[in-house]
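The stops below are to be selected in order.

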Amino acid sequence: MSAVVPLPDPTAIDLARAEALLPGYVTTAPRYTSYPTVPVWSESYGPEAFQEDLARAGGAPDEGLSLYVHVPFCRSLCHFCACNRVVTRDPERPARYLDTIEREIATLRSAMPRAPAASQLHWGGGTPTHLAPDAVRRLFRAVTDAFPLAPGAEVSIEVDPRVTTQAHVEALRECGFDRISLGVQDFDPRVQAAIHRLQPAEQTARLVDAARRAGFASVNLDLIYGLPFQTLASFTNTLDTVVALAPDRLAVYGYAHVTWVAKQQRGFERQDLPDPAARLRLQLLALRRLVEAGWVPIGMDHFARREDELTRALGAGTLRRNFMGYTTQAGVELLGFGPSAISELRTGYAQSQRDLGTWQREAGAGRLATWRGHRLSAEDRARGWIIARLLCHGAVDGAEYRRRFGATLRERHAPELARLAPLEADGLVLCEPDGGFQVTPLGRLLLRNVAALFDAYLPEQQRSGAARFSRTV
């Protein structure tokens with residue numbers, strides 16, 4: 001099997017067969033933004049361990065660095081959201097946050113003997129544009145003074161159109177942001193009311209236009225399917241509006257009903273939350289509509305224009321995935337700043353304290369605010385590589401695995417390959433004699449299911465009975 005897989009062709013999916021078959025695969029599984037996943041990480045990995053790993057970080061000068069900044073503040077609570085956020089209108093809280101994160105940035109930089117130029121910078125939240133324009137400038141300077149950007153670096157931000165002003169747009173472009181991602185979720189007023197996010201389409205369209213006039217290279221939109229009161233008719237209207245706005249990229253996520261994390265989701269079951277079969281029809285609708293309109297499905301949940309660098313990376317077999325989503329940044333270490341932010345180094349993962357007050361106390365005192373983490377074993381690396389190839393390219397090349405890890409897939413993963421047999425019988429995967437396999441267009445709707453078969457930690461998590469992950473369909 002070639003390591004480079006042809007671009008996926010969703011038009012090959014038999015919709016009737018998908019609707020009949022896939023509900024039988026409903027389960028819960030991680031989204032695999034890391035392997036091992038965050039619930040596996042331990043608080044025994046603390047500031048001292050992270051300090052040791054930072055001392056070994058930095059790599060070769062030409063390998064670059066990726067930076068993530070978490071801004072936790074929101075003006076109001078969106079009821080679908082399970083992100084780490086702080087709802088506030090108190091101007092003093094962002095001011096204290098800025099003082100603390102400047103100290104944290106300096107602490108991490110001093111812990112590294114050297115730091116290569118940053119090839120990627122991303123701000124997420126929360127709502128980064130909850131910060132006033134001058135605060136945006138201040139935070140950008142703090143990050144880039146400590147970790148200078150490489151020429152041509154990708155600089156991106158997530159924004160809420162309800163709070164993002166023209167002054168914000170101008171400040172972002174002045175700083176050098178070239179990609180902007182707008183949270184939309186759905187344009188239907190009834191759905192918006194249910195999720196407590198009233199956002200007229202005209203408001204979003206004005207910000208899209210402002211971003212383009214300001215010179216942003218890429219304008220992206222985020223949607224969610226499976227929300228309360230969504231129907232095929234209402235979501236068709238949302239997709240029609242999205243197509244008219246013509247974003248460069250799209251993220252179309254399945255709603256994660258995780259009431260043990262986001263208590264405000266409780267009660268959605270009484271508001272006509274779509275069942276798995278209805279969710280699947282919404283997902284298939286989005287897939288067909290967006291592909292017909294010219295976007296290419298990228299990995300899982302994402303779409304990009306055919307000329308986009310993500311699409312080129314997909315076709316070349318170089319697409320990668322980290323905590324910020326799909327990326328072309330291969331072999332680049334990631335540093336995270338802010339409460340709950342995650343760093344991904346060659347040695348493993350480290351996450352900062354989630355609670356804003358705890359993070360401020362530790363980082364503000366000049367200490368690493370590490371809450372938990374995980375050092376990677378050789379087994380973790382091999383399984384993580386398999387899962388990453390699945391989620392990025394829908395295929396695992398047996399010959400490439402052997403070159404990297406010195407054994408065949410059948411030698412190392414015979415039980416997992418045996419569990420692929422029912423999926424192969426259902427036409428979801430195509431298996432090769434050397435243990436390599438490729439996920440079919442229909443099977444790509446179940447990438448999380450396939451990846452979970454190679455997760456050595458998941459069986460123990462499932463036996464615990466604790467709710468941890470969202471549904472896969």
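This is a predicted model: local features need pLDDT of at least 70, side-chain atom pairs count only at pLDDT 80 or more; totals for chains, interfaces and linings use all residues.

Residues are numbered from 1 along each chain as its sequence is written, and side-chain values use heavy atoms, with hydrogens and water left out.

**First stop: glutamate 104**

Select helix H3 (residues 92-111), in which glutamate 104 lies. Helices are DSSP runs of H or I with at least four residues, strands are runs of E with at least two, and both are numbered from the N terminus. Glutamate 104 is buried and has no salt bridge. Buried means under 20% relative accessible area, exposed over 50%, with a 1.4 Å probe and protein chains only; a salt bridge places a side-chain nitrogen of Lys or Arg within 4 Å of a carboxyl oxygen of Asp or Glu. The nearest side chain of opposite charge, arginine 103, is 11 Å away. Now show glycine 338: the side chain of glutamate 104 reaches its backbone nitrogen at 2.8 Å.

**Second stop: helix H8**

Select residues 232-245, which form helix H8. Its buried residues are Ser234, Phe235, Thr238, Leu239, Val242 and Leu245. Seen down the axis of H8, these fall within an arc of 135° (taken from the directions from the helix axis to the C-beta atoms), so they line one face of the helix. On the other side of H8, Ala233 and Ala244 are exposed. Finally, select alanine 246, which follows H8 and has a positive phi, near 55°.

Key:
Lys and Arg count as positive and Asp and Glu as negative; His and the chain ends are not counted. A polar contact is a pair of N or O atoms within 3.5 Å; within protein, one must be able to donate a hydrogen and the other to accept it, and residues adjacent in sequence count only if both atoms are side-chain atoms. The expected span of a helix is 1.5 Å times one less than its number of residues.
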